[in-house]
There are 2 protein chains.
Amino acid sequence: MNIIQLSQDELQAKHHELQAQYDKIRAAKLNLDLTRGKPAAAQLDLANELDGILEGFYLLQDGTDVRNYGNILGIPEARELGAALFGVDSSNVLVGGNSSLTLMYHYVVSMMQRWESHTVKFLCPAPGYDRHFTICEQLGIEMINVALNDDGPDMDEIFSLVENDDTIKGIWCVPMYSNPTGHTYSDQTVKRFAQLGKVAGPDFRIMWDNAYTVHHLSDTPDQLANIMSAAVEEQTADSIVLLASTSKVTFAGAGISFLGASNANLAEFEGYLSAQTIGFDKVNQLRHVRFLKDMDGIAAHMAKHKDIIKPKFTLVEEKLESSLGSKGIATWTKPHGGYFVSLDMSLGLADTVVKLSGDAGVKLTPAGATFPYRNDPNNNNIRIAPTYPPMDELAQAMDVFVLCLELACVTHLLNR
Amino acid sequence: MNIIQLSQDELQAKHHELQAQYDKIRAAKLNLDLTRGKPAAAQLDLANELDGILEGFYLLQDGTDVRNYGNILGIPEARELGAALFGVDSSNVLVGGNSSLTLMYHYVVSMMQRWESHTVKFLCPAPGYDRHFTICEQLGIEMINVALNDDGPDMDEIFSLVENDDTIKGIWCVPMYSNPTGHTYSDQTVKRFAQLGKVAGPDFRIMWDNAYTVHHLSDTPDQLANIMSAAVEEQTADSIVLLASTSKVTFAGAGISFLGASNANLAEFEGYLSAQTIGFDKVNQLRHVRFLKDMDGIAAHMAKHKDIIKPKFTLVEEKLESSLGSKGIATWTKPHGGYFVSLDMSLGLADTVVKLSGDAGVKLTPAGATFPYRNDPNNNNIRIAPTYPPMDELAQAMDVFVLCLELACVTHLLNR
């Protein structure tokens, strides 16, 4: 039953029915949350042995005492792990503290002196990760929306923008299982990103935030081409900044982070960082190396995550399909990995749905949050985060959500 | 035997004797180091049980899961610990990651927007902590030396400078067991610092880096007055920023850090930080709370540090006294706590001594390092860090050092 095609009478009846359901739910005063891209407790439990894993041994093979000061680039063993994750040499890797967001923030700040022009702009494929956009806002970097397709950002648009405006100094990318759409950039998209540095100038940076690189939900996971290899071939390695962390591998708030860059860029960044720290937490780096070991260890660990969260994504998909599948009012992504489902409304009522849901006790990510300046030009996009709530709460929250979505649409069509 | 008063013949004989000793030592190709204000391995061992102390329990009393995202101000238990350390309310405390240097760096950056004038200056009591000065250098903040006396900086000079130059926006202080002199600010000095905010304007900040607040070497430790209490009385609380860490309590590279500030300042700083992190490592904060417990726990732990490092300070003092005590060429501090001994030469030959020592295989902190721009106007000051080397190496290094110092002076007097 496509709602868009209902007659006025049918809409009236439908509205009556939905409003009654909504009023009943609202009276129940629920307190549910679909906003948080956070691991559930059961996922965190998978890494509980991190604390205590060192068993009193704090020395590295090279004699370094991880308890003491120093080693701003990280311990060799952790740099190796990051190198395997990125597909680069360990000399190109810095291992940071518990937040890759901190590394990206500082990388951008470290570039600000080189970006001498008063206006600095970043391209922002959208919908995207709100905290990327917040970094730009705090630093006064102007953001330009770029369309994000299933195979990645619109590369023609990007080349055209960059070629015609030399104040554009960077772009934010979540190339694999993108936040929030779950799409992975195609080989062709990666190749064109590797070529971008040739036209964008030496001070342009592609912030390649590979936050979900090992976060598969499918037995046939997406494959992302190695951008650094491609960039080395194109002689544009200086334009690439790789980022990742174990936040959604081990502990969300107590993992380790990685930054990958050319040797020249890494040396410059190290110089910048050295005024603010003597080194990141090497004890925690060693814990992570002992726990995760290598890429095989990471893959085995991530399979356990998948066992926990895959059913939640399946539940979300089932709820959406059964309630909205034939109604013509929304489409949504079916990600093979990552942390989110991205839903687009055909009638552009995202803010109304978020408000209705909130009033009924189901918190959703604010409408527009996935766009620069919190401004979704079509008021279409809603991000759903299935991982954190238990299954029963997730089911209940999804029921409320789809009801609110339909109610918003019917109300809108009725008052057209 | 005061060297300054020797005759030319006596100097000649002395020089001959010292030079022969020096040549012999140089031939031995030593490799010793007196530069590092780092805990020795035995000190770090005292906190080895940190890893594993949680025994699988990651939940706080209020239900917070320390493994997950959030709580940018830190966990309540750790904020309480910081509050006890600072003598303030826990609502005035932020608990950070493994580096208080990072917190001070960011606090200063967070103020840069408020400091609108193109020129920003900081007062730098000197000799002082080189990393404070590096922060100013990287951020383009002009540094002004202020004399540091036994009871703290020259407060008359500070008031006079601040009253006559409104581009002076801050001052670096290590108020207890100062790096490198080991002096503690007197009650009167603290009182005048509390009053400084009244003449310095609302955007002036006293960076009160209390790095050695529990690091006593004496059974009759120094006492530092509570600056925040005094500032609250004077209505200048906004001018005070308190800093401390457990870097020289637990693990130098994997401790936790604290920042104390007025509620208004803390809220503003939290806003600034929120663009770069979702929160610091709460798991490590909980480890520290479980391990250190409270101020009594910290005091008991620091007594163990004292047992390890006090003999090293005693050795340094004995070597200096026995070799240089009566010679009129150097004076040095006899700290009741902290990490350093500060030596001043009467003839201004610090760079020569550092060079001679280095050539003989004993690394010293570069001459001038304890002054802004690495420029010791009198070329007098040498910082000695006794904690890191084992006792036998420390003894050997001190023998070389005092020899080099005397040789430099005799050579200078001979060629006068």
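Helix α4 of chain A is mostly covered, 10 of its 13 residues being buried, where a residue is buried if 20 or more other C-beta atoms lie within 10 Å of its own, exposed if 12 or fewer, and partly exposed in between, with C-beta atoms placed from the backbone. The model described here is predicted, so that local features need pLDDT of at least 70 and side-chain atom pairs count only at pLDDT 80 or more, while totals for chains, interfaces and linings use all residues. Residues are numbered from 1 along each chain as its sequence is written, and chains are lettered from A and ligands numbered from 1 in the order in which they are written.

The secondary structure of chain A comprises 13 helices and 13 strands; helices (H or I, at least four residues) and strands (E, at least two) are DSSP runs, numbered from the N terminus. Of the 416 residues of chain A, 54% count as buried. The C-alpha atoms of the chain fill a box of roughly 75 × 55 × 35 Å along the principal axes. For 416 residues a compact globule would have a radius of gyration near 22 Å, and the 23 Å of chain A agrees with this; the radius is taken over C-alpha atoms, and the globule rule is 2.2 Å times the number of residues to the power 0.38. Among the contacts in chain A with a separation of 6 or more, 77% are accounted for by residues 24 or more positions apart, two residues being in contact if their C-beta atoms, placed from the backbone, lie within 7 Å.

The buried residues of α4(A), among them Leu101(A), Leu103(A), Tyr105(A) and Met111(A), pack against α5, α9 (263-273) and the strands β2, β7 (205-209), β8 (240-245) and β9 of chain A. The end C-alpha atoms of α4(A) are 19 Å apart, in agreement with the 18 Å that its 13 residues should span at 1.5 Å a residue, the expected span being 1.5 Å times one less than the number of residues. In chain B, Leu103(B) has its place in helix α4 (residues 100-112) and is buried, because 25 other C-beta atoms lie within 10 Å. Leaving aside residues up to four places away in sequence, Leu103(B) touches Gly96(B), Leu243(B), Ser257(B) and Leu259(B).

Several of the strands that α4(A) packs against belong to an open sheet of eight strands in chain A, which has the order β2-β9-β8-β7-β6-β3-β4-β5 and mixed pairing; strands are taken to pair if DSSP finds at least two bridges between them. The edge strands are β2 and β5 (152-153) of chain A, each of which pairs on one side only. Strand β2(A) pairs with strand β9 (residues 257-260) of chain A in the antiparallel sense over four bridges, and the bridge partner of Val93(A) in β9(A) is Gly260(A). β8(A) and β9(A) likewise pair in the antiparallel sense over four bridges, with Leu243(A) opposite Leu259(A) in β9(A). In a regular strand the side chains alternate between the two faces of the sheet. In β2(A), Val93(A) and Val95(A) point one way and Leu94(A) and Gly96(A) the other way, and all are buried.

The domain assignment of chain A gives domain 1 (3-43 + 299-414) and domain 2 (55-298), with bounds that come from an automatic or database domain assignment. Their contact takes 24 residues from domain 1 of chain A and 29 residues from domain 2 of chain A. On the side of domain 1 that touches domain 2, α11 (295-324) and β13 (381-384) of chain A each supply at least two residues, and α11(A) gives the most, with seven residues. By class, this side of domain 1 has 12 nonpolar, eight polar and four charged residues, where Ala, Val, Leu, Ile, Met, Phe, Trp, Tyr, Cys and Pro count as nonpolar, Asp, Glu, Lys and Arg as charged, and the others, Gly among them, as polar. The C-alpha centres of the two domains lie 31 Å apart.

The contact between the chains takes 38 residues from chain A and 38 residues from chain B. On the side of chain A that touches chain B, the elements that give two or more residues are α2 (41-45), α4 (100-112), α5 (130-139) and α10 (282-292) of chain A. That side has 16 nonpolar, 16 polar and six charged residues.
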